[in-house]
Amino acid sequence: MKRVTLFPGREKLALNRHPWIFSGAVARLEGSPAPGDLVEVWSAEGLFVGTGQYNPTSKIRVRLMEWTPGAAVDELWYRRRLEEAWALRKPVLVETDALRVFFSESDGIPGLIVDKFGPWLVAQFLTSGADQVKELIATLLARTIPGIRGIWEKSDGDGRRMEGLPEASGLLWGEAPEGEIEILENGNRYRVDPTSQKTGFYTDQRDNRRLVSPWFAGQRVLDAFTFTGGFAVAALAAGAQAVTLLDSSAEALAQARKNLALGGWEPEEVLEGDAFQLLRDLKKRGETYGAIVLDPPKLATSRDHLEKALRGYKDLNLQALKLLEPGGYLASFSCSGLVDFHTFREMIAFAAKDSGRRVEIVRQLHQAPCHPIRTSMPEAEYLKGVLVRVY
Ligand code: SAH
């Protein structure tokens, strides 16, 4: 067996089932593993730590998958992980036919992300370890999840690039979807093109769309960072008077318009550009709203940029608070894994203080349960938010 031995004391987190072994913890390598190969990890004292995917090009040198000595990571092992993941998702099917059916380390297979849109699956293989078992995973997925018509690969993004893997996309199993498919989330229709690189659909916000929209009834709503109109559609369905769509992507805005049209709605206004600037322009114009959604992309991309990211979040929230009518609502989110809930709430409190307004938290918000968090890997808790009322 290919084997990695750690420096003394560097096994502690991993023994508690944290799945990452960083390059700096590795003292010795035996058996010349290739990228993605399974390796056993041992402590300096000769204690078995776990079995995982080896990657010489990533800072995360090994991603652990199995902690039982001698347990094989074979076809049966993969089948069990997929079956467990599917069992967890079944109750979610009551609310939607769009969900994440596999969430990487949280579900036990590092680098594997699978989303389900109606009868189609979209799979991402983001590590060389996951890439090696692509065919096996596709076959097992088709067997585990009932009613699947096709599995489309969409392996792109930074993770793959960091592992030295080229982008890959195409049909893995079954038939390819022809263009857009319609999904139903909490009773609301959206259209998704599973094969498109540009637009998809964020299933992690499903619960939050449902939880905040009742407060938007009767209000003029600004959906900032709308993407394909996830919150805007939920707001209108819940009785919002009007919505303004704001995003920097013209493609996303075009898709958002189409999604609104499915419910027979039109946006009051569409704003294409940088939210940091547009929120200021709206203030200058004397605009006010009864409710605002702020769902920016991940601003904190590394620990070195955390301070700067927090200033960005605070600025956005302050500008939004300034635009709200007394008694108005702000649904504000961060999808940066590096910003924990405590820090996020503190940022909101600083923005509230600078706005001179009285602000109260009505609801605390999290990623939907199809994005579970292993207790040993708090980094997986990336999406957090609050619904606040502003006086
Ligand atoms: N709320 C959406 C998801 C938002 S994803 C939903 O429920 O589906 C983040 C969005 O922010 C993307 O659509 C991206 O195009 C947009 N974006 C990124 N940077 C931006 C900026 N500086 N100003 C405005 N939009 C931006």
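In strand β11, Gly 170 is the bridge partner of Glu 153; strands and helices are DSSP runs numbered from the N terminus, with E over at least two residues for strands and H or I over at least four for helices. Strand β10 (residues 150–155) runs antiparallel to β11, and six bridges join the two; pairing requires that DSSP find at least two bridges between strands. The model is predicted, with pLDDT of at least 70 needed for local features and 80 or more for side-chain atom pairs, while totals for chains, interfaces and linings use all residues. Residues are numbered from 1 along each chain as its sequence is written, and side-chain values use heavy atoms, without hydrogens and water.

Helix α5 (residues 134–144) packs on this sheet, touching β8, β9 (120–125), β10 and β11, and its direction makes about 45° with that of β11. Contact denotes heavy atoms within 4.5 Å; axes are lines fitted to C-alpha atoms, for helices over the stretch in contact, and angles between N-to-C directions run from 0 to 180 degrees. The sheet is open, with five strands in the order β7-β8-β9-β10-β11 and mixed pairing. Because β7 (98–103) and β11 (168–174) stand at the edges with a single partner strand each, one side of each lacks a neighbour in the sheet.

A further open sheet comprises seven strands in the order β16-β15-β14-β17-β18-β20-β19, again with mixed pairing. Its twist averages 15° from one strand to the next. Strands β18 (residues 324–334) and β20 (residues 384–390) are antiparallel over seven bridges, and Lys 384 in β20 is the bridge partner of Ser 334. Helix α11 (residues 306–323) packs on the sheet, where β14, β17, β18, β19 and β20 are touched, at about 155° to the direction of β18.
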